[in-house]
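Have the viewer open as you read.

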Amino acid sequence: MPSTNPRFGRLITAMVTPFDSEGELDLERTGQFVDRLIVGGNDALVVNGTTGESPTVFYPNKIELFKEAVSASGGRVPIIANVGDNCTADTVSFAKEVSKLGVDALMCVVPYYNKPPQQGLRRHFSAIAAAVDLPVVLYNIPGRCVINMQAETTLALARECDNIVAIKEASGDMRQIEQIIAQAPDGFEVISGDDSATLPIMRLGGTGVISTTGNVAPERMKEIVDLCAEGSWDAAQEANERLMPLMNGLFETANPILVKEALKLAGFPVGGVRLPLIDATPQQSERLKSIMQEVGVI
């Protein structure tokens with residue numbers, strides 16, 4: 001059975017970043033969305049992750065977002081600030097700055113594009129962890145970063161750095177995930193980075209999910225992770241299957257195009273996406289609407 005009392009809870013949504021009609025940050029809507037997600041059952045929130053369009057939200061914007069999320073949360077749930085970059089020096093500097101804003105933890109992605117070797121990854125994350133006192137969540141997503149952080153590297157970091165406390169695993173490699181869970185030191189958590197893999201990862205001993213679907217259907221994702229946590233696997237499987245069309249449907253084009261479209265369809269518009277992403281086409285919107293109706297979200 002998955003470990004009890006995970007540090008950040010079991011449902012952690014990687015929230016979208018609301019923009020206004022001009023494509024600028026909509027901080028008022030951000031505050032409203034933070035509240036909506038907390039009321040919907042989220043145990044914690046990741047701010048400005050991939051789903052939050054981190055590649056096109058520059059550092060000053062990120063600072064504003066983090067401050068608003070901390071304020072809107074009011075201490076109700078942990079706020080995890082995504083500060084990862086592909087330059088170690090920049091990430092260390094930014095992590096130090098963000099640590100002063102009242103966030104509860106930092107998330108750092110595997111450096112993308114420059115394709116470092118495993119020892120480079122180890123030194124990158126060790127440097128970040130040494131520079132801050134906050135808990136650090138690693139993020140492994142080879143589909144976006146080109147390289148995979150191997151289990152041995154993750155485990156070395158978990159053992160060597162006291163404040164590296166978890167990994168968001170989106171490699172899709174269940175053998176790797178199982179190895180990390182089996183060999184990790186006490187208290188180190190493996191969190192699913194893919195909604196559709198949450199149930200199998202929690203079966204292995206993962207603690208929950210950093211979710212995209214949680215933006216749209218937090219109550220339904222919460223039901224799944226809670227059933228897994230109590231070991232009600234048949235009920236969890238049924239709840240998972242009922243929501244699976246939406247989990248898959250939200251990724252039929254680049255994330256978070258369809259997540260933002262889904263929120264508009266659900267009556268809580270958060271603006272469009274920034275280029276080079278583009279808004280959903282009418283055909284994509286119609287298909288998404290039918291999926292949302294099929295699973296009972298609208």
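## V98 and its neighbours

Setting aside residues up to four places away in sequence, V98 touches I63, F66, A81, V83, V103 and L106; contact here means heavy atoms within 4.5 Å. V98 is also among the residues with the most contacts inside the largest nonpolar core, along with F66, V83, L106, F125, I164 and L246.

That core has 105 residues. A nonpolar core is a set of buried Ala, Val, Leu, Ile, Met, Phe, Trp, Tyr and Cys residues joined through side-chain atoms within 4.5 Å. Helix α10 (residues 233-249) is the top contributor, giving seven residues. In soluble globular proteins, nonpolar side chains tend to be buried together.

## Where the numbers come from

This is a predicted model: local features need pLDDT of at least 70, side-chain atom pairs count only at pLDDT 80 or more, and totals for chains, interfaces and linings use all residues. Residues are numbered from 1 along each chain as its sequence is written, and side-chain values use heavy atoms, with hydrogens and water left out.

## The barrel

Eight strands form a closed barrel in the order β1-β2-β3-β4-β5-β6-β7-β8, paired in parallel. Helices (H or I, at least four residues) and strands (E, at least two) are DSSP runs, numbered from the N terminus, and two strands pair if DSSP finds at least two bridges between them.

I191 sits opposite G208 in β8.

Buried means under 20% relative accessible area, exposed over 50%, and partly exposed in between (1.4 Å probe, protein chains only).

Three bridges pair β3 in parallel with β2 (residues 44-47), and L45 has I79 as its bridge partner. The chain gets from β2 to β3 through helix α2 (residues 59-73), in a right-handed β-α-β crossover. Right-handed means that, with the strands pointing away from the viewer, the path from the first strand over the helix to the second runs clockwise. β3 also runs parallel to β4 (residues 105-109), again with three bridges, and I80 stands opposite A105.
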